[in-house]
Amino acid sequence: MSVPYLREAAAQDDLGKLVRFVRLHLGDGNEAVGKEEIDRSWAEAIKTLLRDAPVDREFIARVLETNESTLALLFFHLHFCFIRGSGRWIHDGSR
Amino acid sequence: MMEADKRTSSAADPREVGTQLRPGLWHAINERYPGSMIRKESFVPQARLRKPLGASRLTLISSCGVQLKTDQPLDVCHPFGDFRFQRVPSGGKHDDLIIHQLKYPRDDADLDINVIFPIERLQELSEEGRLGGLTPNFFSFIGYNMDPEKFERTVAEGIANAVVEEERAECALLAPA
């Protein structure tokens, strides 16, 4: 899905098209896999918090003060970070 | 969806006629990425060599996402792609380089970078005199991107300008990943 296509979808607030694109991107072209990947990244975040390790809330506050575009891209980086950390990484470059 | 996309997504797509290793591929691509495909009207004829290869300075341009390990990584997470490119010194070796790219299997390239970015093979050809020489830098970028017009304005123009004005290349090897 090209950016012009997504801009049109965003202007029409077409959630279905936008979410489908995200699933295709995160699922390496497979929508069902992408949905599972999103679910797994949230599960990994919960599992991490269950360790009850110290958190740097000042860091989070500083990060949240930055611009929205950076935060939106960070959102994707965090997804990949948690998925990669799970040990099951469909984007590892193997066949 | 543009008219050209509607045409290419029909069941009667002429590209689907005949032997296809992956039937339905064109339909799938156009359905998932409408507007992203290069069309025939975008065709630009290649320039003819002015000198034999043995007298020409060659550059390498690849969409494989290879870069120096010491450079800031290309962004593999951005959903629309990373509209930057990397200069890779043409004297680089396998051990100096790393692949930042998610969208293709790279098991073999991790063992030998030359299968997607033939930098050492070109060094050999240059040393043997089969090429007139190599530009100081080669070029690499992430092939995945969802905005062809922005790609053309940024990566393509940037590389084209660098190839002509900075590197003084006389021919280029284009290596898609």
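In the predicted model, helix H3 (residues 31-49) of chain A packs against helix H5 (residues 68-85) of chain A at an angle of about 75°, the two axes lying 9 Å apart. Axes here are lines fitted to C-alpha atoms, for helices over the stretch in contact, with angles running from 0 to 180 degrees between N-to-C directions, and helices (H or I, at least four residues) and strands (E, at least two) are DSSP runs numbered from the N terminus. H3(A) and H5(A) are therefore roughly perpendicular to each other, given that angles under 35 degrees count as roughly parallel, over 145 as roughly antiparallel, 65 to 115 as roughly perpendicular and the rest as oblique. On the H3(A) side, A:Glu37, A:Arg40, A:Ser41, A:Glu44 and A:Ala45 meet A:His79, A:Phe82, A:Ile83 and A:Gly85 of H5(A), two residues being in contact if their C-beta atoms, placed from the backbone, lie within 7 Å.

A second pair in chain A is formed by helix H1 (residues 3-11) and helix H2 (residues 15-26), whose axes come within 8 Å and cross at roughly 140°; H1(A) and H2(A) are therefore oblique to each other. Here A:Leu6, A:Ala9 and A:Ala10 of H1(A) meet A:Lys17, A:Leu18 and A:Phe21 of H2(A).

Chain B has five helices and seven strands, which follow one another from the N terminus as α-α-β-β-β-β-α-α-β-β-α-β. Of the 177 residues in chain B, 27% are buried, that is, 20 or more other C-beta atoms lie within 10 Å of their own, the C-beta atoms being placed from the backbone. Among contacts in chain B with a separation of 6 or more, 75% join residues 24 or more positions apart.

Neighbours within four places in sequence aside, B:Ile116 is in contact with B:Ser62, B:Cys64, B:Val66, B:Ala109, B:Ala175 and B:Ala177.

Residues are numbered from 1 along each chain as its sequence is written, while chains are lettered from A and ligands numbered from 1 in the order in which they are written. As this is a predicted model, local features need pLDDT of at least 70 and side-chain atom pairs count only at pLDDT 80 or more, whereas totals for chains, interfaces and linings use all residues.

Conventions:
Buried ≥ 20, exposed ≤ 12 C-beta atoms within 10 Å, placed from the backbone.
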